[in-house]
Amino acid sequence: MTPASRLLIVYHSLTDGTRQMAHAAADGARKETGIEVQVLTAGEAGAQHLLDAQAYLFATPENLAAVSGVMKDFFDRSYYGALDRIQGRAYASLICAGSDGHNAARQIERICTGWRLKKVAEPLIVCTHAQTPEAILAPKIIEEPELLRCRELGQSLAAGLAMGIF
């Protein structure tokens, strides 16, 4: 492990569910010593942040069977600036979905395959079961068992980074 090992968590959240998940993962990651955890919204993050980190956690709501537009904008803005410069680095993903989440997870996986990143965990999908316009737009409260799963994923990602596994 290098002294500057950094886990970058990039997220977008409109109704607060994904933000809760991303911050729970960050809390878990911070349990590992020697790892810097940087949490940025997708609007703040860019290619340089990717270059400065050694592992990534991408967190997004699933909107219309895809990553959110703001998250897609982050990937669009960052893709070529990081291409051929971050290959082999570890990543995982968090998806906050109303019903399924798998299409957003596949979209992230395709982007990360282009970057030649190493997927180190299956996507963690939290289903809120929001199906009506009112439920979809309502603020979300992610239950503790799901937040625990997010913390565990963050801690596992940071532990692997700290041990030099990835």
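This is a predicted model: local features need pLDDT of at least 70, side-chain atom pairs count only at pLDDT 80 or more; totals for chains, interfaces and linings use all residues.
**Exercise 1.** Work out whether strand S1 (residues 6-11) is enclosed or open to the outside.

*Solution.* 
- Start with the cut-off: a residue is buried when its relative accessible area is under 20%.
- Next, go along the strand: six of the six residues of S1 are buried, so S1 is largely enclosed by the rest of the structure.
- Now think about the faces. In a regular strand, side chains alternate between the two faces of the sheet.
- In S1, one side carries Arg6, Leu8 and Val10, and the other carries Leu7, Ile9 and Tyr11. These residues are all buried, and both faces of S1 are covered.

**Exercise 2.** Find which strands pair with S1, and how they run.

*Solution.* 
- Look at S2 (residues 36-41): six bridges join it to S1, and the two run parallel. Leucine 8 has glutamine 38 as its bridge partner there.
- Then look at S3: five bridges link it to S1, again in parallel. Here leucine 7 is partnered by alanine 55.
- Finally, trace the chain: S1, helix H1 (residues 17-29) and S2 form a right-handed β-α-β unit.

**Exercise 3.** Alanine 65 has a positive phi although it is not a glycine; say where it sits and how exposed it is.

*Solution.* 
- The phi of alanine 65 is about 65°.
- Its place is the loop between strand S3 (55-63) and strand S4 (66-67).
- With a relative accessible area of 43%, alanine 65 is partly exposed.

Definitions and conventions: Residues are numbered from 1 along each chain as its sequence is written. Side-chain values use heavy atoms; hydrogens and water are left out. Helices (H or I, at least four residues) and strands (E, at least two) are DSSP runs, numbered from the N terminus. Buried means under 20% relative accessible area, exposed over 50%, partly exposed in between (1.4 Å probe, protein chains only). Two strands pair if DSSP finds at least two bridges between them. A crossover is right-handed if, with the strands pointing away from the viewer, the path from the first strand over the helix to the second runs clockwise.
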